[in-house]
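Me: I would like to go through a structure that is new to me. Could we take it one topic at a time?

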Amino acid sequence: MKRKLWMGMTIGVVALGATLVGCSSDKKEGKAAGTTATNAPKETAAAKRGNVTVSMYDRGGVPASEGNYEENRWTKWINQNGPVNVKYVPVLRGESTKKMNVLFASGSAPDIVNEYNTPFRNSLYDQKQLLPIDDILKFMPEYQKLLDQYPQLKKAGTKPDGKMYEVGKVKEATIQHMLIIRTDWLKKLNLSMPTTTEELMKVAKAFAEQDPDGNGKKDTYGMNMSYYSEQAINEIFGENSSKDLIAWGTKDGKIIPLWDNQLASLTFKKKLYDDGLIDKDYINDKDGAKAKQDFLNGRIGIYVKFSGGMFDFVMNDFATLKKNVASAEIAPLGYPKSPLGTFTGVLDNPVQMTTVVNAKAKEPEAVGRYLDFMMKQETASKVINGDEGTHWKKSANGCRETIDPLKSKNEVGYALDYEMFYSTGTDKCFFTLNGFNTAVPEQKAGSDMYKELQKIYFDPQRQYPGLTHGEHMPVYPADLQTINATILKEQTDLFVKAIISGAKYSPEQAIKDAQAAWDKGGGKQLDDFMNKWYAENKDKAFLAKDIMTIARQQMEQVK
């Protein structure tokens, strides 16, 4: 835990362009990609090969020299080398569900719909617009192998009628919210690493009040609490509520709202605010940029880091901190034990459902053969990474190292969504740890730090906060979605009021008022829905235990 992490400013060129992004990556092929490998008449070839239409996110990322999302070097390569003729249907990323609703209403929706939006995919199931994939699995041996290896995928893709309707992928279970602590400040103030929430508060108070940077000013913060950082504090107390998610838990086999956990987290946050241990303007730091800048400038002692990008954090953010504060040392800090238990942080969803099949698809076999071809490791590697010798070369650990980052960005960076359903979590070369070149001292230290983070946050003694990842929560019908949104908005406003109102409005009163709003706003309907869902699905739904099982399985895989 106390390993020092001394970083210089040297940044290795590593093949992380395609491995650390989940939503954009460009791929290109050589000159041979434009020809057709058949002498048969066009009609005969098309009939033999089959035809499919596939939706594709239009992110505006295809350079003019590459063409467009419908036709570029990668769509040509796929059509030349794949088993079917493919026509891509681009939909603007920000308007994808709206556009797809129009296409389904008009009867012109594509055969294969790639869409991350869980409620939208669920609405297509409710409207009986989807084809079960059970009958086409015989044409998808690659996916069948994946289902055998990760039965959690079948759980996540199966609907209430017992049939599978969704295709998904296995991703690396990266740590989304974590604590990083300034160990040089601990040493200067003669403090120990905090192991309980009470100790965490004491350390944060010392960091804010005892001039740990030695500049004679009271200009440091104990912690940050803006943006997703507030959710991390919720997780410390075993609840993962947010502006979009109610804090649900289980007790005696029933689903319950976690009022006690929310009271504990709210009380902790209010004390941080009242005692001046956080930036009192945290509420206006909408994207966490101000908190990040404060950390990089050496003003935050316990940094709540959100989202992935560990390589970038180690090689760029920590390097900037070291440039600004040469004496800075950091170490990972596990969530301290709270009165409600000892928890880990929310992980990136390791089983993400992405794809459904239109019930009106005319050639289901062609659909299966297309998906199978795109799931093959050699296909995905080419589309995601480009060509060996042109875009990448093998690094010392046998994985891919980008040759020319700009060339790969232009020629490969836009194509990742063609492989939206490819399971990068089965390929060690896509894992965070394999992005570090351990021959470089700075990167070796970063690799060691991430291993320590995994050891802490994947500890089986820690509980996962909440029922499951948000993307696997049951989807409310439209009337309950309105109730849920209204209750969450009122609850959020009450909790903010409690944090910033001093003695005028206590956390206890805020919880009482939130419970009253719950009762008045129809919370019992949400409660009834959740308990009915849990009673029917607790043995077959993708829950927290499944997340942690995959996370630990992957940690063993990269040892």
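The conversation below covers a helix, the nonpolar cores, a disulfide and some strands.

Me: What kind of model is this, and how are residues numbered?
Reply: This is a predicted model, in which local features need pLDDT of at least 70, side-chain atom pairs count only at pLDDT 80 or more, and totals for chains, interfaces and linings use all residues. Residues are numbered from 1 along each chain as its sequence is written, and side-chain values use heavy atoms, with hydrogens and water left out.

Me: Let us begin with helix α5. Which of its residues are buried?
Reply: In α5, which spans residues 141-149, the buried ones are Tyr143, Leu146 and Leu147. Buried means under 20% relative accessible area, exposed means over 50%, and partly exposed lies in between (1.4 Å probe, protein chains only). Helices (H or I, at least four residues) and strands (E, at least two) are DSSP runs, numbered from the N terminus.

Me: Why are they on the same side of α5?
Reply: They cover an arc of only 100° around the axis, so they share one side of α5. The arc is that of the directions from the helix axis to the C-beta atoms.

Me: Which exposed residues does the face turned away carry?
Reply: Lys145 and Asp148 are the exposed residues on the face of α5 turned away from its buried side.

Me: And what do the buried residues of α5 pack against?
Reply: They pack against α6 (151-157), β4 (166-170), β11 (351-357) and α13 (364-375). Contact here means heavy atoms within 4.5 Å.

Me: What does tyrosine 143 touch?
Reply: Not counting residues up to four places away in sequence, tyrosine 143 touches Ile133, Leu137, Leu153, Glu166, Val167, Gly168, Met353 and Met375.

Me: How many residues are in the largest nonpolar core?
Reply: That core has 139 residues, and those with the most contacts inside it are Tyr143, Met223, Trp248, Leu272 and Tyr370. Its largest share, 8 residues, comes from helix α17 (residues 478-500). A second, separate core has 15 residues, including Phe104, Ala109, Phe120 and Tyr125. A nonpolar core is a set of buried Ala, Val, Leu, Ile, Met, Phe, Trp, Tyr and Cys residues joined through side-chain atoms within 4.5 Å.

Me: Changing topic, how many disulfides does the structure hold?
Reply: The structure holds 1 disulfide. The bond joins cysteine 399 to cysteine 429, with an S to S distance of 2.1 Å. A disulfide is defined as a pair of cysteine sulfur atoms within 2.5 Å.

Me: Which parts does the pair tie together?
Reply: Cysteine 399 lies in the loop between β12 (392-394) and β13 (400-402), and cysteine 429 in the loop between α15 (405-411) and α16 (441-457), so the pair ties together parts that are 30 residues apart in sequence.

Me: Is the disulfide left-handed or right-handed?
Reply: The torsion about the S-S bond of cysteine 399 and cysteine 429 is about -80°, so the disulfide is left-handed.

Me: Are the two cysteines buried or exposed?
Reply: Cysteine 399 is buried, with a relative accessible area of 5%. Cysteine 429 also counts as buried, at 16% relative accessibility.

Me: Now the strands. What is the order in the open sheet of 4 strands?
Reply: The order is β6-β9-β5-β10, with mixed pairing. β6 (221-223) and β10 (330-333) stand at the edges with a single partner strand each, so one side of each has no neighbour in the sheet. Two strands pair if DSSP finds at least two bridges between them.

Me: How do β5 and β10 pair?
Reply: Strand β5 (residues 177-182) pairs with β10 in the antiparallel sense over 4 bridges. Leucine 179 stands opposite leucine 333 in β10.

Me: Where does glycine 301 lie?
Reply: Glycine 301 lies in strand β9 (residues 300-306) and counts as buried at 1% relative accessibility. Glycine 301 and glycine 222 are 79 residues apart in sequence but 5.2 Å apart in space, C-alpha to C-alpha.

Me: Finally, how many residues of β11 are buried?
Reply: In β11, 7 of its 7 residues are buried, so the strand is mostly covered. β4 and β11 pair in the antiparallel sense over 5 bridges, and glycine 168 stands opposite methionine 353 in β11.
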